[in-house]
Amino acid sequence: MLLNPRPDPSPAAHDRVYRGLRSRIMHGEIAPGQALTLRGIGREFGVSMTPAREALRRLVAEGALTLSLSGRVSTPELSNDRIEELAALRSLIEVELASRALPRAHIALIDRLTSINAQIAEDIARQDAVGFIRRNLEFHRTLYLRAQAPAMLAMAETVWLQLGPTMRVLYGRLQQKEPPHFHRLIIAALKAGDEPGLRLVVRSDVTQGLRMLTG
């Protein structure tokens, strides 16, 4: 009688490391230019070199990490041109997602966005940069899910991932004192069913801060 082989724990371990690192990078928990080592990741997540290496490989492929000729893996330090390019991508993709979401923007969605914006105010009061970035992306993701365009949303998340460490720098530059002004305008446009207004404020929201970094 053949026994079923024991499942290989590596895929599950790799996915856990990948998702953990991906979340930390996207939400600005790792500074631009910070190096990551297989030994350090293995120690942090309690895994061997193999799942740590595979997680890093995937994140390099997504542009979340950079790999130098010497083999050093680190979070990217974005040039002004790269920031401008990613801001333009956010503008193109997220404006379209918001527009597609508008016909499905029921009152429960608007209430949820209003609640998230109130939580952002709490993050700002605590000067919690990571909480602010996490909640800000939750605001946008919650809206864009209503677009029912998963491929487009996945593209937006890839851009967020590449910008994560830079967003932490931007938070420090902005010295936020209150929730993003454009979030309130987005909610107002959704309530009014104002597509041109919604497209305008989403474009402003996702690009204005980033362009401060290149000025």
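Me: How do the residues lining the largest cavity divide into nonpolar, polar and charged?
Reply: The lining residues comprise six nonpolar, one polar and one charged, where Ala, Val, Leu, Ile, Met, Phe, Trp, Tyr, Cys and Pro count as nonpolar, Asp, Glu, Lys and Arg as charged, and the others, Gly among them, as polar. Keep in mind that this is a predicted model, in which local features need pLDDT of at least 70 and side-chain atom pairs count only at pLDDT 80 or more, while totals for chains, interfaces and linings use all residues. Residues are numbered from 1 along each chain as its sequence is written, and side-chain values use heavy atoms, with hydrogens and water left out.

Me: Which residues line the largest cavity?
Reply: The lining is made up of Met26, Arg90, Ile133, Leu137, Trp160, Leu163, Gly164 and Met167. Helix 6 and helix 7 (150–174) are the elements that give two or more residues to it, and helix 7 supplies the largest share, four residues. Helices here are DSSP runs of H or I with at least four residues, strands are E runs of at least two, and both are numbered from the N terminus.

Me: And how much space lies in it?
Reply: The largest cavity holds about 40 Å³, and the structure has one cavity of 30 Å³ or more. A cavity is a set of points on a 1 Å grid over the protein atoms alone where a 1.4 Å probe fits but cannot get out, and lining residues have an atom within 4 Å of a point. Points are joined across faces, edges and corners, and the volume is the space filled by probe spheres set on them.

Me: Arg90 was on that list, so what does Arg90 form a salt bridge with?
Reply: Arg90 pairs with Glu94, with the closest N and O atoms 2.5 Å apart; a salt bridge is a side-chain nitrogen of Lys or Arg within 4 Å of a carboxyl oxygen of Asp or Glu. The two residues are four apart in helix 4, and are therefore separated by about one helical turn.

Me: Are Arg90 and Glu94 buried or exposed?
Reply: Both Arg90 and Glu94 are buried, meaning under 20% relative accessible area, whereas exposed is over 50% and partly exposed lies in between (1.4 Å probe, protein chains only).

Me: What about Glu85, which residue is its salt-bridge partner?
Reply: Glu85 forms a salt bridge with Arg82, and their closest N and O atoms are 2.8 Å apart. These residues lie three apart in helix 4 (residues 80–101), so about one helical turn separates them. Glu85 is partly exposed at 41% relative accessibility, and Arg82 is partly exposed at 28%.

Me: Where do Asp123 and Arg135 lie?
Reply: Their side chains meet in a salt bridge at 3.1 Å, N to O. Asp123 lies in helix 5 (residues 107–125) and Arg135 in helix 6 (residues 129–145), so this pair ties together parts that are 12 residues apart in sequence. Asp123 is buried at 0% relative accessibility, while Arg135, at 23%, is partly exposed.

Me: How many salt bridges does a search of the whole structure find?
Reply: The search finds 14 salt bridges. Asp15, Arg19 and Arg58 are linked in a network of them.

Me: Switching topic, in what order do the three strands of the sheet come?
Reply: They form an open, antiparallel sheet in the order 1-3-2. Strand 1 (35–36) and strand 2 (66–67) stand at the edges with a single partner strand each, so one side of each has no neighbour in the sheet. Strands pair if DSSP finds at least two bridges between them, and strand 1 pairs with strand 3 (residues 73–74) over two bridges.

Me: Which residue stands opposite Ala35?
Reply: Ser74, in strand 3, stands opposite Ala35.

Conventions:
1 Å grid on protein atoms, 1.4 Å probe; cavity = no way out; pocket = protein on both sides within 12 Å on 5 of 7 lines; lining within 4 Å.
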